[in-house]
Amino acid sequence: MTAPGDDTWLDGDDGRLVRPYAVANGRTAASRQLDLMSMVVATGVGAYNTLEPDHVQALGLCLRPVSVAEIAARLRLPAAVTKVLVSDLADCGAVRTAPPRPGSDTSNRVLLERLLDGLQRRL
Amino acid sequence: MAYNDVSDQPLPASVKLLVAGGFGVGKTTFIGSVSEIEPLTTEEVITEASIGIDDLNGLAGKTTTTVAFDFGRITLSPELVLYLFGTPGQDRFWFMWDELSTGALGAVVLADTRRLEASFSAVDFFESRGTRFVVAVNEFDGAFHYEPDEVRAALDLKPHVPVILCDARQPRAAASVLVALIQHLLAAIAAPSPT
């Protein structure tokens, strides 16, 4: 067994040494409403001295705004488990998350024009 | 300048577009050529009985499957981040996974003219969901060249669906497909028509 504090708990190609759902103590329901696209950022404060190693790793990925999907990918954890970790971090004040986005924005002309402008600069 | 104080700054808005198409059609290549990060992979365990819901209680007797997908990121401004999610190519279950397609502004259906049939299911899916999409024909080396109208006819596309030829390996070509998609979405606001 790898000791807590090891950087990744990964064993080369074999992947994680701890089953993903053990990380979240078997919980699959996050306390916050999050999806893959929810943006997360560390607050720099919060009572996170009681956090588990995976929480600390997740927190370290949020120094700049980042999506739940990116945290999941970089931790090599299923999205559902990542949402639990991020919810825990939000509950103790260590991260802020963007409020759930209002549904589909396909009729949001301002947003689409900002997208178009940004993409056209890449042509 | 309160650079370290992020506590009162709004988080960037995140926007999702899907990149769909059959297995081996170049989705990850497309994503990688426009993404500012190496495409990342994440996965989700879903159950046939509770697709789109994170609740894994009461699993007995239900089929579970792991769906893995690639994605990339384009930071368009400090306030706006675009994510491109590739749909799992080999797995039929992603069609049942609401979270991947819910909230997506639109989709790029990549097509390989050597086997257009690999893209049929994505076209059907987005048509039935009412998700706006463009078809991008990935021009592989050595593939016979087809005109966009031939591809349109072969895929039985509605007249308003744009068909674009591209080389998914070229960042500018991939970006121009995304531009065409956003223009298509803007046109839909100006003149709503059935999907």
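1. In chain A, helix α2 covers residues 53-60, and its buried residues are A:Asp54, A:His55, A:Ala58 and A:Leu59. Buried means that 20 or more other C-beta atoms, placed from the backbone, lie within 10 Å of the residue's own. Viewed down the axis of α2(A), these buried residues fall within an arc of 140°, so they line one face of the helix. The arc is taken from the directions that lead from the helix axis to the C-beta atoms.

2. This is a predicted model, in which local features need pLDDT of at least 70 and side-chain atom pairs count only at pLDDT 80 or more, while totals for chains, interfaces and linings use all residues. Residues are numbered from 1 along each chain as its sequence is written, and chains are lettered from A in the order in which they are written.

3. Chain A has five helices and three strands, in the order α-β-α-β-α-α-β-α from the N terminus. Helices (H or I, at least four residues) and strands (E, at least two) are DSSP runs, numbered from the N terminus.

4. Chain A has 123 residues, of which 39% count as buried. Of its contacts between residues at least 6 apart in sequence, 68% join residues at least 24 apart. A contact requires C-beta atoms, placed from the backbone, within 7 Å.

5. Between the chains, 37 residues of chain B are in contact with 38 residues of chain A. On the side of chain B that touches chain A, β1 (13-20), β2 (40-47), β3 (64-77), β4 (80-86) and α5 (171-190) of chain B each supply at least two residues. The most comes from α5(B), with 10 residues.

Conventions. Two residues are in contact if their C-beta atoms, placed from the backbone, lie within 7 Å. A residue is buried if 20 or more other C-beta atoms lie within 10 Å of its own, exposed if 12 or fewer, and partly exposed in between; C-beta atoms are placed from the backbone.
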